[in-house]
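Let's take a walk through this one together, a stop at a time.

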Amino acid sequence: MPLIVFATSQLLYVRVVALLFSCVAFSVAAHGASLPQGGMAAWCIFCWAFSFAATAVVLLVELLGLQGRVPVSWSNFPITMACYAVLLCLSASVIFPLYFLRERSNYNEIRDHRIASTVFSCLATVAYMGEVSLTKARPGEVTGFMATSPGLLKVCQTFVACIIFILVSDPVAYERHAALQWCMAVYCMCFIFSMVVVLMCVAECTGWLPVPFSRFLSACSLLAAVMYLTATIIWPVFQFGERYRVRRDAESNLIGVAVLTALNLLLYLADLAYTARLQFVSG
(Lines give C-alpha, C1' and ligand atoms only; values in the text may rest on other atoms or scores of the structure.)
Protein backbone atom coordinates (compact mmCIF):
# COMPACT_ATOMS: atom_id res chain seq x y z
CA MET A 1 0.00 0.00 0.00
CA PRO A 2 1.61 3.30 -1.09
CA LEU A 3 2.33 5.88 1.55
CA ILE A 4 1.85 9.62 1.15
CA VAL A 5 4.87 11.46 2.54
CA PHE A 6 4.22 15.09 3.46
CA ALA A 7 7.09 17.53 3.19
CA THR A 8 7.45 19.65 6.31
CA SER A 9 8.39 23.29 6.50
CA GLN A 10 8.06 26.26 8.80
CA LEU A 11 5.14 27.52 6.71
CA LEU A 12 3.36 24.16 7.07
CA TYR A 13 3.70 24.25 10.86
CA VAL A 14 2.38 27.82 11.01
CA ARG A 15 -0.65 26.90 8.90
CA VAL A 16 -1.42 23.86 11.02
CA VAL A 17 -1.20 25.95 14.19
CA ALA A 18 -3.47 28.62 12.68
CA LEU A 19 -5.92 25.90 11.62
CA LEU A 20 -6.06 24.47 15.14
CA PHE A 21 -6.39 27.84 16.88
CA SER A 22 -9.22 29.05 14.62
CA CYS A 23 -10.97 25.69 14.98
CA VAL A 24 -10.80 25.83 18.78
CA ALA A 25 -12.00 29.46 18.81
CA PHE A 26 -15.27 28.82 16.97
CA SER A 27 -15.81 25.33 18.43
CA VAL A 28 -15.60 26.55 22.03
CA ALA A 29 -17.77 29.59 21.26
CA ALA A 30 -20.43 27.48 19.54
CA HIS A 31 -20.38 24.75 22.17
CA GLY A 32 -20.51 26.46 25.55
CA ALA A 33 -20.38 30.26 25.20
CA SER A 34 -24.19 30.60 25.11
CA LEU A 35 -24.09 33.33 22.46
CA PRO A 36 -27.17 35.13 21.13
CA GLN A 37 -28.40 34.44 17.61
CA GLY A 38 -27.17 36.74 14.83
CA GLY A 39 -25.46 40.10 15.27
CA MET A 40 -21.85 40.30 16.37
CA ALA A 41 -21.88 36.73 17.66
CA ALA A 42 -22.61 35.46 14.14
CA TRP A 43 -19.90 37.74 12.74
CA CYS A 44 -17.25 36.36 15.12
CA ILE A 45 -18.23 32.75 14.39
CA PHE A 46 -18.04 33.51 10.67
CA CYS A 47 -14.57 35.06 11.05
CA TRP A 48 -13.17 31.96 12.75
CA ALA A 49 -15.01 29.46 10.55
CA PHE A 50 -13.98 31.19 7.30
CA SER A 51 -10.34 31.34 8.40
CA PHE A 52 -10.41 27.66 9.38
CA ALA A 53 -12.05 26.59 6.09
CA ALA A 54 -9.66 28.65 3.93
CA THR A 55 -6.60 27.26 5.72
CA ALA A 56 -7.94 23.71 5.48
CA VAL A 57 -8.35 24.08 1.71
CA VAL A 58 -4.84 25.49 1.30
CA LEU A 59 -3.32 22.70 3.40
CA LEU A 60 -5.18 19.93 1.54
CA VAL A 61 -4.23 21.27 -1.87
CA GLU A 62 -0.56 21.70 -0.99
CA LEU A 63 -0.19 18.43 0.92
CA LEU A 64 -1.80 16.47 -1.93
CA GLY A 65 0.14 18.37 -4.60
CA LEU A 66 -2.94 19.64 -6.44
CA GLN A 67 -1.72 23.19 -7.06
CA GLY A 68 -1.63 22.68 -10.82
CA ARG A 69 -5.19 21.36 -10.94
CA VAL A 70 -7.05 24.08 -9.07
CA PRO A 71 -8.50 26.88 -11.25
CA VAL A 72 -6.75 29.69 -9.35
CA SER A 73 -3.30 31.24 -9.21
CA TRP A 74 -1.51 29.41 -6.41
CA SER A 75 1.05 32.21 -6.08
CA ASN A 76 -1.83 34.54 -5.13
CA PHE A 77 -4.57 32.46 -3.48
CA PRO A 78 -2.90 31.28 -0.22
CA ILE A 79 -1.56 34.67 0.84
CA THR A 80 -4.85 36.34 -0.07
CA MET A 81 -6.73 33.94 2.20
CA ALA A 82 -4.12 34.35 4.95
CA CYS A 83 -4.38 38.14 4.83
CA TYR A 84 -8.17 38.00 5.04
CA ALA A 85 -7.83 35.54 7.93
CA VAL A 86 -5.55 37.99 9.79
CA LEU A 87 -8.11 40.78 9.44
CA LEU A 88 -11.08 38.57 10.28
CA CYS A 89 -9.52 37.01 13.36
CA LEU A 90 -8.22 40.40 14.49
CA SER A 91 -11.69 41.91 14.22
CA ALA A 92 -13.19 38.96 16.12
CA SER A 93 -10.49 39.27 18.80
CA VAL A 94 -11.54 42.89 19.37
CA ILE A 95 -15.31 42.56 18.94
CA PHE A 96 -15.89 39.35 20.89
CA PRO A 97 -14.57 40.51 24.28
CA LEU A 98 -16.15 43.96 23.86
CA TYR A 99 -19.61 42.48 23.34
CA PHE A 100 -19.52 39.25 25.34
CA LEU A 101 -17.02 39.65 28.19
CA ARG A 102 -18.36 42.86 29.70
CA GLU A 103 -21.34 41.14 31.31
CA ARG A 104 -20.60 40.14 34.91
CA SER A 105 -23.75 38.10 35.46
CA ASN A 106 -22.74 35.14 33.30
CA TYR A 107 -22.25 31.69 34.76
CA ASN A 108 -18.59 30.91 35.36
CA GLU A 109 -18.58 28.09 32.80
CA ILE A 110 -20.05 30.30 30.08
CA ARG A 111 -17.58 33.08 30.85
CA ASP A 112 -14.69 30.59 30.77
CA HIS A 113 -15.75 29.46 27.29
CA ARG A 114 -15.89 33.05 26.09
CA ILE A 115 -12.46 33.81 27.53
CA ALA A 116 -11.04 30.69 25.86
CA SER A 117 -12.51 31.72 22.49
CA THR A 118 -10.96 35.18 22.85
CA VAL A 119 -7.55 33.77 23.73
CA PHE A 120 -7.51 31.32 20.83
CA SER A 121 -8.76 34.03 18.48
CA CYS A 122 -5.77 36.18 19.44
CA LEU A 123 -3.43 33.22 18.97
CA ALA A 124 -4.95 32.50 15.55
CA THR A 125 -4.39 36.15 14.59
CA VAL A 126 -0.72 35.89 15.51
CA ALA A 127 -0.38 32.61 13.60
CA TYR A 128 -1.94 34.09 10.47
CA MET A 129 0.34 37.11 10.76
CA GLY A 130 3.25 34.67 10.78
CA GLU A 131 1.92 33.01 7.62
CA VAL A 132 1.61 36.35 5.82
CA SER A 133 5.12 37.29 6.93
CA LEU A 134 6.53 34.01 5.60
CA THR A 135 4.75 34.21 2.23
CA LYS A 136 5.04 37.94 1.56
CA ALA A 137 7.30 38.82 -1.37
CA ARG A 138 10.86 39.81 -0.51
CA PRO A 139 12.67 42.61 -2.40
CA GLY A 140 13.70 41.37 -5.84
CA GLU A 141 11.67 38.17 -5.55
CA VAL A 142 9.42 37.21 -8.48
CA THR A 143 6.01 36.18 -7.15
CA GLY A 144 2.29 36.80 -7.48
CA PHE A 145 0.88 40.31 -7.23
CA MET A 146 -1.11 39.51 -4.08
CA ALA A 147 2.11 38.70 -2.22
CA THR A 148 3.38 42.25 -2.78
CA SER A 149 2.56 45.32 -0.72
CA PRO A 150 0.00 46.70 -3.25
CA GLY A 151 -1.75 43.32 -3.30
CA LEU A 152 -1.99 43.17 0.50
CA LEU A 153 -3.25 46.76 0.51
CA LYS A 154 -6.09 45.69 -1.81
CA VAL A 155 -7.15 43.07 0.71
CA CYS A 156 -7.11 45.63 3.52
CA GLN A 157 -9.13 48.10 1.44
CA THR A 158 -11.91 45.59 0.76
CA PHE A 159 -12.01 44.51 4.40
CA VAL A 160 -12.26 48.07 5.73
CA ALA A 161 -15.05 48.75 3.22
CA CYS A 162 -16.96 45.70 4.51
CA ILE A 163 -16.74 47.00 8.08
CA ILE A 164 -18.03 50.38 6.85
CA PHE A 165 -21.00 48.65 5.19
CA ILE A 166 -21.85 46.95 8.48
CA LEU A 167 -21.67 50.21 10.45
CA VAL A 168 -23.76 52.30 8.03
CA SER A 169 -26.50 49.67 7.62
CA ASP A 170 -27.55 49.19 11.27
CA PRO A 171 -29.19 51.66 11.52
CA VAL A 172 -29.14 53.09 7.99
CA ALA A 173 -27.01 56.23 8.20
CA TYR A 174 -26.87 57.61 4.66
CA GLU A 175 -30.47 58.33 3.61
CA ARG A 176 -30.89 61.81 5.08
CA HIS A 177 -28.93 63.76 2.48
CA ALA A 178 -27.67 63.33 -1.09
CA ALA A 179 -24.11 64.03 0.07
CA LEU A 180 -24.23 61.02 2.41
CA GLN A 181 -25.58 58.90 -0.44
CA TRP A 182 -22.55 59.99 -2.46
CA CYS A 183 -20.32 58.73 0.35
CA MET A 184 -22.10 55.38 0.22
CA ALA A 185 -21.59 55.30 -3.55
CA VAL A 186 -17.87 55.95 -2.97
CA TYR A 187 -17.62 53.03 -0.55
CA CYS A 188 -19.41 50.70 -2.98
CA MET A 189 -17.53 51.71 -6.14
CA CYS A 190 -14.10 51.65 -4.53
CA PHE A 191 -14.86 48.28 -2.95
CA ILE A 192 -15.73 46.97 -6.41
CA PHE A 193 -12.51 48.40 -7.88
CA SER A 194 -10.34 46.68 -5.27
CA MET A 195 -12.27 43.41 -5.28
CA VAL A 196 -12.06 43.19 -9.09
CA VAL A 197 -8.27 43.49 -8.84
CA VAL A 198 -8.13 40.78 -6.16
CA LEU A 199 -10.35 38.41 -8.15
CA MET A 200 -8.46 39.03 -11.39
CA CYS A 201 -5.14 38.22 -9.71
CA VAL A 202 -6.45 35.11 -7.98
CA ALA A 203 -8.16 33.90 -11.17
CA GLU A 204 -5.14 34.83 -13.35
CA CYS A 205 -7.22 37.09 -15.59
CA THR A 206 -4.96 40.16 -15.63
CA GLY A 207 -3.90 39.36 -19.20
CA TRP A 208 -7.44 39.96 -20.40
CA LEU A 209 -7.13 43.71 -19.86
CA PRO A 210 -6.75 45.89 -22.99
CA VAL A 211 -4.18 48.03 -21.12
CA PRO A 212 -1.09 47.11 -19.06
CA PHE A 213 -2.04 45.85 -15.61
CA SER A 214 0.19 48.42 -13.86
CA ARG A 215 -1.57 51.26 -15.68
CA PHE A 216 -4.96 49.82 -14.74
CA LEU A 217 -3.87 49.65 -11.09
CA SER A 218 -2.66 53.25 -11.11
CA ALA A 219 -5.91 54.50 -12.65
CA CYS A 220 -8.05 52.62 -10.12
CA SER A 221 -5.93 53.77 -7.17
CA LEU A 222 -5.97 57.41 -8.29
CA LEU A 223 -9.72 57.43 -8.86
CA ALA A 224 -10.39 55.69 -5.54
CA ALA A 225 -8.08 58.05 -3.62
CA VAL A 226 -9.84 61.12 -5.04
CA MET A 227 -13.27 59.66 -4.29
CA TYR A 228 -12.30 58.71 -0.73
CA LEU A 229 -10.89 62.20 -0.20
CA THR A 230 -14.33 63.65 -0.93
CA ALA A 231 -16.00 61.10 1.39
CA THR A 232 -13.48 61.84 4.18
CA ILE A 233 -14.54 65.50 4.06
CA ILE A 234 -18.26 65.10 3.36
CA TRP A 235 -19.14 62.35 5.86
CA PRO A 236 -18.22 64.20 9.10
CA VAL A 237 -19.61 67.51 7.79
CA PHE A 238 -23.07 66.09 7.08
CA GLN A 239 -23.15 63.71 10.05
CA PHE A 240 -21.73 65.89 12.83
CA GLY A 241 -22.27 69.47 11.61
CA GLU A 242 -24.88 71.32 13.68
CA ARG A 243 -26.67 72.48 10.54
CA TYR A 244 -27.34 68.94 9.29
CA ARG A 245 -27.37 66.92 12.50
CA VAL A 246 -30.85 65.63 13.33
CA ARG A 247 -30.24 62.71 15.70
CA ARG A 248 -27.70 61.39 18.16
CA ASP A 249 -28.44 57.66 18.21
CA ALA A 250 -25.79 55.25 16.93
CA GLU A 251 -23.19 58.04 17.07
CA SER A 252 -20.42 55.57 17.81
CA ASN A 253 -21.14 53.86 14.46
CA LEU A 254 -20.98 57.20 12.65
CA ILE A 255 -17.65 58.05 14.28
CA GLY A 256 -16.36 54.60 13.35
CA VAL A 257 -17.32 55.18 9.71
CA ALA A 258 -15.51 58.54 9.71
CA VAL A 259 -12.36 56.95 11.13
CA LEU A 260 -12.47 54.00 8.72
CA THR A 261 -13.06 56.34 5.78
CA ALA A 262 -9.89 58.24 6.67
CA LEU A 263 -8.06 54.93 7.13
CA ASN A 264 -9.09 53.70 3.69
CA LEU A 265 -8.01 57.02 2.19
CA LEU A 266 -4.53 56.43 3.61
CA LEU A 267 -4.55 52.86 2.25
CA TYR A 268 -5.47 54.08 -1.23
CA LEU A 269 -2.82 56.80 -1.12
CA ALA A 270 -0.19 54.22 -0.14
CA ASP A 271 -1.50 51.96 -2.89
CA LEU A 272 -1.24 54.81 -5.40
CA ALA A 273 2.36 55.47 -4.37
CA TYR A 274 3.31 51.79 -4.78
CA THR A 275 1.55 51.33 -8.13
CA ALA A 276 2.92 54.60 -9.55
CA ARG A 277 6.43 53.48 -8.60
CA LEU A 278 5.74 50.08 -10.16
CA GLN A 279 4.64 51.71 -13.41
CA PHE A 280 7.67 54.02 -13.56
CA VAL A 281 10.07 51.18 -12.78
CA SER A 282 8.48 48.89 -15.42
CA GLY A 283 8.46 51.72 -17.90
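Which backbone oxygen lies 2.9 Å from a polar atom of the side chain of Thr125? It belongs to Ser121. Keep in mind that what you're looking at is a predicted model, so that distance is computed from the model's atoms.

Let's stay with Thr125 for a moment. You'll find Thr125 in helix α4, which covers residues 108-135. Leaving aside residues up to four places away in sequence, Thr125 touches Val86, Cys89, Leu90 and Ser93.

Now for some empty space. Rolling a probe the size of a water molecule over the atoms shows where such space is left. The largest pocket holds about 710 Å³. It is lined by 21 residues, and those closest to its centre are Met40, Ile95, Tyr99, Ile163 and Leu167. Helices α2 (39-63), α3 (77-100), α5 (149-169) and α8 (251-282) each give at least two residues to the lining. The largest share, seven residues, comes from α3.

One last stop takes us to α8, where Thr261 sits. Is Thr261 buried or exposed? With a relative accessible area of 1%, Thr261 is buried. Again not counting residues up to four places away in sequence, Thr261 touches Ile164, Tyr187, Tyr228, Ala231 and Thr232.

Conventions: Residues are numbered from 1 along each chain as its sequence is written. This is a predicted model: local features need pLDDT of at least 70, side-chain atom pairs count only at pLDDT 80 or more; totals for chains, interfaces and linings use all residues. Side-chain values use heavy atoms; hydrogens and water are left out. Helices (H or I, at least four residues) and strands (E, at least two) are DSSP runs, numbered from the N terminus. A polar contact is a pair of N or O atoms within 3.5 Å; within protein, one must be able to donate a hydrogen and the other to accept it, and residues adjacent in sequence count only if both atoms are side-chain atoms. Contact means heavy atoms within 4.5 Å. On a 1 Å grid over the protein atoms alone, a cavity is a set of points where a 1.4 Å probe fits but cannot get out, and a pocket is an open set with protein on both sides within 12 Å along at least five of seven lines; lining residues have an atom within 4 Å of a point. Grid points are joined across faces, edges and corners, and a volume is the space filled by probe spheres set on the points. Buried means under 20% relative accessible area, exposed over 50%, partly exposed in between (1.4 Å probe, protein chains only).
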